[in-house]
Every structure is written in structure tokens, then in C-alpha cells.
Amino acid sequence: MTAKLLEETVTLGEQRLILPGYYSWEQFEAIESVMANSPGLRITYFDCWIEFMKLDLLQK
């Protein structure tokens, strides 16, 4: 007996964007609240930098 994979997820690619400049935590929270309903988008804040990451997935 062999196991079959019913649904396979293939990663198409990851896109990253780092906003130039330095941002406060309050500015990050404001941007994060505007982008809250964007599926597949992750926003991170580290050392005054804001990074957007979008992971595109394809399901077979």
C-alpha cells in the first residue's frame, strides 16, 4: 500500500520589500492596520525598519 498526497502546495516565490528610512513603532502600527486585510502579506518591524513579505502559493 502506498500513501498518496491529496493536496500539494508549491511555493512560487517570496517577494520582500524593506521601506527606506527609519520608522517609529506608532508608524509601523498605523501601516500594519491599513494592510491588515491583505492576504498573503506579512509585515515585520525590527530596529526601526519595516519589511513587507509576500509569499505566493500555488495549490495543485
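**A close look at one strand**

Modeller: Trp49 lies in strand S3, strands being DSSP runs of E with at least two residues, numbered from the N terminus. Before going on, please note that this is a predicted model, in which local features need pLDDT of at least 70, side-chain atom pairs count only at pLDDT 80 or more, and totals for chains, interfaces and linings use all residues. Residues are numbered from 1 along each chain as its sequence is written, and side-chain values use heavy atoms, with hydrogens and water left out.

Trp49 is partly exposed, at 36% relative accessible area (buried is under 20%, exposed over 50%, partly exposed in between, with a 1.4 Å probe and protein chains only). Together with Ile18 and Tyr22, Trp49 makes a nonpolar surface patch of about 360 Å². Such a patch joins nonpolar side chains within 5 Å, from residues with over 30% relative accessible area and no salt bridge.

Trp49 is also touched by Leu19, as are Ile31, Ile50 and Phe52, leaving aside residues up to four places away in sequence; contact means heavy atoms within 4.5 Å.

Finally, Glu51 forms a salt bridge with Arg16, with 3.1 Å between the closest N and O atoms (a side-chain nitrogen of Lys or Arg within 4 Å of a carboxyl oxygen of Asp or Glu). Glu51 sits in strand S3 (residues 49-59) and Arg16 in strand S1 (residues 9-18), so the pair ties together parts 35 residues apart in sequence. Glu51 is buried at 17%, while Arg16 is exposed at 53%.

Key: Helices (H or I, at least four residues) and strands (E, at least two) are DSSP runs, numbered from the N terminus. Patches are made of residues with over 30% relative accessible area and no salt bridge: like charges are joined within 9 Å, nonpolar side chains (Val, Leu, Ile, Met, Phe, Trp, Tyr) within 5 Å. Accessible areas come from the Shrake-Rupley method with a 1.4 Å probe; for residues, only the protein chains shown count as cover.
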